[in-house]
Amino acid sequence: MDTRARIAWNLRHLRVSQKVTQENLAVDAQVDRTVISDLERGKHNASIDLMDRLALALSTDISAFFSEPSPSDGKPEPMRAGRKPKT
């Protein structure tokens with residue numbers, strides 16, 4: 001897995017596990033929602049500043065984006081469409 005794919009996988013995994021929508025993460029990180037989508041698909045090259053804001057918004061350390069997923073980790077399930085997750 002290359003670095004961009006690893007960042008994409010970890011970003012989505014962290015976001016979905018915390019039940020944060022792309023829209024809410026984008027607002028918290030002060031970027032457009034399409035940037036989050038592009039990052040999660042490996043289509044956008046994030047700056048260190050952006051990754052730092054994403055880590056802060058997800059209450060994690062920036063190093064979490066670079067960790068190698070274990071083989072037993074499955075792809076994160078997609079969240080329901082919409083702006084607010086149902087609790």
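A salt bridge is defined here as a side-chain nitrogen of Lys or Arg within 4 Å of a carboxyl oxygen of Asp or Glu. By this rule the count comes to three salt bridges. The model is predicted: local features need pLDDT of at least 70, side-chain atom pairs count only at pLDDT 80 or more, and totals for chains, interfaces and linings use all residues. Residues are numbered from 1 along each chain as its sequence is written, and side-chain values use heavy atoms, with hydrogens and water left out.

**View A. Salt bridge between Asp38 and Arg41.** The N to O distance between these side chains is 2.4 Å. Asp38 is partly exposed, at 23% relative accessibility (buried means under 20% relative accessible area, exposed over 50%, partly exposed in between; 1.4 Å probe, protein chains only).

**View B. Salt bridge between Arg15 and Glu40.** The closest N and O atoms are 2.5 Å apart. Because Arg15 lies in helix 1 and Glu40 in helix 3 (residues 33-40), the pair ties together parts that are 25 residues apart in sequence. Helices (H or I, at least four residues) are DSSP runs, numbered from the N terminus. Both Arg15 and Glu40 are buried.

**View C. Salt bridge between Glu68 and Arg6.** The two side chains meet at 2.8 Å, N to O. Arg6 belongs to helix 1 (residues 3-17) and Glu68 to the segment after helix 4 (48-57), so the contact links parts 62 residues apart in sequence. Glu68 is partly exposed, with a relative accessible area of 49%.

**View D. Thr3 and Phe66.** Thr3 lies in helix 1 and is partly exposed, with a relative accessible area of 44%. The C-alpha atoms of Thr3 and Phe66 are separated by 7.2 Å, although these residues are 63 residues apart along the chain.

Notes:
Helix = DSSP H or I, 4+ residues; strand = E, 2+ residues; numbered from the N terminus.
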